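Open the model in your viewer and keep the selection tool handy.

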Amino acid sequence: MAYSVLLVDDEPHALDGLKLMVDWERFGFRVTGVCRDGEEAMRLIRTGPPDLVVTDIRMPVMDGLALIEEVRRSGFRDMLFVIVSGYHDFEYAARAVRLGVRHYLTKPVIDSEAEEMLERLAAELGERGRKAGTGMEPPEPQAQARRGVQAEVAKFLRGHYRSSLTIREIAERFYVHPVYLGQSFTRKYGMGILDYVHELRIAEARRLLACTDMTLGAIAEAVGYNVYQHFLKQFERRTGMKPGAYRAMAAGRSPACQEGPSS
């Protein structure tokens with residue numbers, strides 16, 4: 001059974017983009033409703049509360065923060081929210097955090113970032129379900145027989161992290177359900193499959209920065225990023241530094257330059 005999603009945004013093209021750009025079903029989600037403002041969303045939530053609400057912040061009639069507050073007052077204290085808005089809305093995002101919202105996407109939404117978030121949300125919802133005794137984790141008939149599949153997947157990723165792979169493709173390769181794989185991998189390694197791939201890519205990027213004179217763009221492509229900005233964002237997120245600054249820092253340290261992440 002898929003987790004239900006309600007999308008809320010006053011911009012039609014933003015709603016269409018969220019519906020079409022993100023592969024919701026791959027992560028066990030299904031878009032069950034779309035609304036143009038918070039009031040309309042609140043009516044739908046009272047009729048049939050979704051598992052996840054993805055909402056813009058700034059909207060007419062009732063904005064995203066007012067919607068979250070109203071949902072909490074109405075007794076849906078555990079409903080998951082993702083807020084989606086522009087870079088200039090971080091003050092609003094801080095207010096959302098105070099309302100218990102921990103997930104934030106900036107516009108324009110990058111599909112890879114949305115998918116990373118969905119992977120984490122699916123794991124969180126699955127864990128909630130198990131604790132409540134009503135888990136929605138997809139049935140996995142061979143779960144006991146494939147208890148070691150997470151380690152097999154991790155080993156596979158260490159050899160193929162440069163490739164562009166989806167969770168569905170990986171799951172098909174190992175004959176398991178994609179949502180089951182995503183959730184069980186997160187439980188074992190403390191991060192989702194996409195995060196694991198990024199960690200491997202950035203580890204190799206650090207090695208190349210320290211041990212070669214390759215250009216930054218060449219390094220980005222060598223570790224699997226076709227768009228340099230995606231590489232830059234992941235590198236800064238995981239090291240707290242820009243690639244050029246990391247290279248300057250690593251110069252002269254004579255690191256042991258071994259080939260690739262350890263398997």
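**The whole chain**

Colour by secondary structure: the protein comes to 12 helices and 5 strands, where helices (H or I, at least four residues) and strands (E, at least two) are DSSP runs, numbered from the N terminus. This is a predicted model, in which local features need pLDDT of at least 70 and side-chain atom pairs count only at pLDDT 80 or more, while totals for chains, interfaces and linings use all residues. Residues are numbered from 1 along each chain as its sequence is written, and side-chain values use heavy atoms, with hydrogens and water left out.

Of the 263 residues in the protein, 46% are buried (under 20% relative accessible area, 1.4 Å probe, protein chains only).

**Strands β1 and β2**

Select residues 3-8 and 29-35: these are β1 and β2, parallel strands joined by 6 bridges (strands pair if DSSP finds at least two bridges between them).

**Helices α9 and α11**

Next, select residues 193-211 (α9) and 228-239 (α11), whose axes lie 10 Å apart at an angle of about 90° (axes are lines fitted to C-alpha atoms, for helices over the stretch in contact, and angles run from 0 to 180 degrees between N-to-C directions). That makes α9 roughly perpendicular to α11 (65 to 115 degrees). Show side chains for the contact (heavy atoms within 4.5 Å): residues of α9 including His198, Ile202 and Leu209 meet residues of α11 including Phe231 and Phe235.

How values were computed
Angles under 35 degrees count as roughly parallel, over 145 as roughly antiparallel, 65 to 115 as roughly perpendicular and the rest as oblique. Buried means under 20% relative accessible area, exposed over 50%, partly exposed in between (1.4 Å probe, protein chains only).
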